[in-house]
Amino acid sequence: MGAFWKYLGNRILIFIITVFLAVTVVFLVPRWLPGDPLQSVYSKMAGVGGGAVSDELIAEYRRRFGLDKSTFDQYISFWRELLRGNLGYSIASFPTRVSTILRQAVPWTIGLLTFTTLVSWLLGSLLGAMVGWSDGKSKKLNALVPIALVLYTTPYYILAILLVFLLAYRWAIFPLSGAYTLGADKEWSWSFAMDVLEHAALPALSIILVSLGWWFLSMRSLIISEKGQDYILWAEARGLPKRRIFWSYAFRNALLPQTTGLALSFGHIVGGALITEVIFAYPGLGYVIYNSIQQLDFPVIQGTVLLLIVSVSVANLLIDMLYPIIDPRIRIGDGGN
Amino acid sequence: MNSVLEIIDLEVHFPTRRGPVRAVDGVSLTLHAGERLGLIGESGSGKSTIALAVMRMIKPPGKIVGGQILLDGVDLLTLSDEAMRRTRLAEVAMVTQGAMNSLNPVIKIRSQMIDGLKAHGVELSKSGYEEKLGELLTAVGLEPGVVDLYPHELSGGMKQRVCIATAISLKPKVIIADEPTSALDVVVQRQVMQTLRRVQDEIGAAVILIGHDMGLMAQFAQRVAVMRRGHILEDSEVHQIFANPKDPYTRELMESLPSFDRDTRFMQVIEEAAEEVAAVAAAQ
Ligand SMILES: Nc1ncnc2c1ncn2[C@@H]1O[C@H](COP(=O)(O)OP(=O)(O)O)[C@@H](O)[C@H]1O
Ligand SMILES: [Mg+2]
């Protein structure tokens with residue numbers, strides 16, 4: 001028991017250190033960059049106002065963003081506000097709060113990517129396992145290998161553009177962009193749900209197709225290497241039915257590394273499918289990151305990067321905690337003797 | 001004595017770009033009921049291929065291209081896949097070469113042993129399985145509690161004993177042990193061989209022991225077949241092989257042994273073996 005808690009404590013400590021470092025770096029980087037992060041705001045105001053911006057206004061802005069204080073004071077208050085869930089204001093769309101922007105984007109990204117990640121993982125793993133197990137004996141199954149290779153090596157934005165061109169432009173089966181028809185009532189209704197699904201179809205398809213290739217190839221090679229294991233030979237020598245050997249021995253064991261891959265990619269979900277979201281103008285986090293970088297909107301960049309790091313760390317922490325349960329070899333504590 | 005396993009003119013080929021490799025090239029072997037046969041030969045001589053052929057587990061592109069493998073008069077090569085599957089473990093059990101890694105690392109010993117029973121229609125209650133596994137493990141000198149462990153919690157010798165316990169779980173007529181102790185240290189090797197010897201005696205199975213340690217062979221086997229390049233060169237009583245090898249290659253094999261072994265330990269080993277044979281014969 002003791003060893004397990006020590007292990008857990010260790011992992012949690014690593015998690016805390018990671019987050020601490022991430023926050024610090026995220027805080028420091030924009031401050032190390034030359035120039036005033038608010039420069040874009042001043043020039044915009046200058047453009048609108050048709051003259052130089054008054055020093056008082058600049059001072060007021062700097063005060064609002066806390067830039068008038070020492071770096072150390074800023075760092076302390078950055079943490080204080082962070083722990084309260086306050087990520088500050090967006091520069092580009094002042095006075096919208098960063099947390100509001102993130103809160104609006106997160107559900108779209110999570111919805112789209114949870115679904116596509118799960119579907120492509122399941123489908124890719126199953127198909128890959130079947131093809132790896134039959135290993136060339138079935139011509140039909142084997143034809144999937146080159147297809148998967150092509151999908152895997154296709155840059156996903158090319159596939160996305162192709163899908164948009166064919167299925168939204170050439171034959172207007174699906175909408176071109178967005179997550180819902182602009183102006184539609186955002187409410188829990190059948191027609192709005194259908195509208196959302198229609199808009200999600202192409203982005204989802206492009207993500208699924210590309211990641212499917214990867215899961216397929218990875219599972220296929222895992223199963224092929226499983227087939228050479230001594231315990232598979234021994235299972236056969238004990239007269240176990242092929243089906244049983246496949247599911248309980250080869251597939252079950254190959255699932256361990258494959259599951260790690262799944263957990264890791266869940267951690268990356270909040271990063272959004274950046275370019276896919278941009279191409280489809282899908283209002284998720286990827287789109288937010290893209291826009292905020294274009295506009296040098298530091299608070300928003302900080303917020304999204306933090307969210308990304310924290311969720312990857314949480315995913316890692318969960319894997320570390322779950323792995324001893326699914327793989328007894330890593331089970332810590334008093335298992336032996 | 002009637003023969004339980006008869007291999008006749010077995011021919012196993014592996015096609016390669018430079019033509020087929022004749023891994024087993026016209027091998028005939030007879031195994032009598034309850035007999036302990038040693039199969040020795042340099043590595044690559046085709047020993048494991050014979051074992052896998054008997055189990056009908058030669059992996060493509062390898063292929064059994066000729067011969068017969070009669071188990072109690074029935075040619076295994078004519079059985080359907082399903083009938084052959086049911087024959088494995090129940091009639092012919094194998095302890096495989098890579099025994100250190102024979103157990104699935106993520107499944108408990110209990111369920112791996114039960115898997116073998118279930119695959120042959122042995123349906124017992126929970127406590128029935130527990131009792132059966134307990135008996136099997138006790139027979140090979142392990143605690144019944146081992147069922148609750150994972151393979152990485154066992155030593156090499158213990159893993160090999162689990163494999164032996166599983167091999168005898170359906171009282172097969174033939175057990176093929178392919179270098180069952182090659183990964184173990186010397187003391188454990190002896191213990192495992194004694195265990196194999198004891199359970200073999202208890203269930204009356206015939207055993208083919210594949211290996212290259214002459215010392216262990218002499219202690220275990222009653223008869224030894226010497227293989228080289230897919231052929232059986234010599235097939236004689238164990239005394240015969242050591243005292244008076246007929247084939248030049250066998251003689252070479254004997255002479256290649258370290259001399260202290262030949263002079264001292266070997267005489268001792270042969271005497272021990274002779275005593276054991278006599279003792280067993282007397283007991284029957
Ligand atoms: N999968 C394979 N492909 C090609 N040749 C093989 C294969 N397996 C075994 N062989 C050939 O069969 C011969 C006998 O191998 P094996 O039965 O494993 O020998 P042993 O068990 O006596 O060491 C080897 O010399 C090797 O060339
Ligand atoms: Mg071998």
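This passage describes the fold of chain B and the contact that chain B makes with chain A. The structure is a predicted model, in which local features need pLDDT of at least 70 and side-chain atom pairs count only at pLDDT 80 or more, while totals for chains, interfaces and linings use all residues. Residues are numbered from 1 along each chain as its sequence is written, chains are lettered from A and ligands numbered from 1 in the order in which they are written, and side-chain values use heavy atoms, with hydrogens and water left out.

The secondary structure of chain B comprises 10 helices and 10 strands, where helices (H or I, at least four residues) and strands (E, at least two) are DSSP runs numbered from the N terminus. Of the 284 residues in chain B, 53% are buried, a term that means under 20% relative accessible area, with exposed meaning over 50% and partly exposed lying in between (1.4 Å probe, protein chains only). Among the contacts in chain B with a separation of 6 or more, 68% are between residues 24 or more positions apart, contact being defined as heavy atoms within 4.5 Å.

One open sheet of chain B has six strands in the order β6-β7-β8-β3-β9-β10, and its pairing is mixed; two strands are said to pair if DSSP finds at least two bridges between them. Strands β6 (92-95) and β10 (231-237) of chain B stand at the edges with a single partner strand each, so one side of each has no neighbour in the sheet. From one strand to the next, the twist averages 15°. Within this sheet, β7 (residues 174-178) and β8 (residues 206-211) of chain B run parallel and are joined by five bridges, with B:Val174 standing opposite B:Ala206 in β8(B). Helix α9 (residues 248-255) of chain B lies across β3 (36-41), β9 (223-228) and β10 of chain B, running at about 100° to β9(B); axes are lines fitted to C-alpha atoms, for helices over the stretch in contact, and angles run from 0 to 180 degrees between N-to-C directions.

A further open sheet of chain B contains four strands in the order β2-β1-β4-β5, with antiparallel pairing. Its edges are formed by β2 (21-32) and β5 (74-75) of chain B, each of which has a single partner strand, so one side of each is left without a neighbour in the sheet. Seven bridges connect β1 (residues 3-14) with β4 (residues 63-71) of chain B, and B:Ile8 stands opposite B:Gln68 in β4(B).

At the interface, 29 residues of chain B are in contact with 22 residues of chain A. The two chains bury about 2300 Å² between them, 60% of it on carbon and sulfur atoms, buried area being the accessible area (1.4 Å probe) that two parts lose on being put together, summed over both. In chain B, the residues that lose the most area to chain A are B:Pro105, B:Val106 and B:Asp115, which together account for 22% of what that side buries. Helix α3 (residues 109-118) of chain B has seven of its 10 residues buried, so it is largely enclosed by the rest of the structure. The buried residues of α3(B) pack against α10 (230-237) and α11 (242-267) of chain A, together with α4 (126-139) and α5 (156-167) of chain B.
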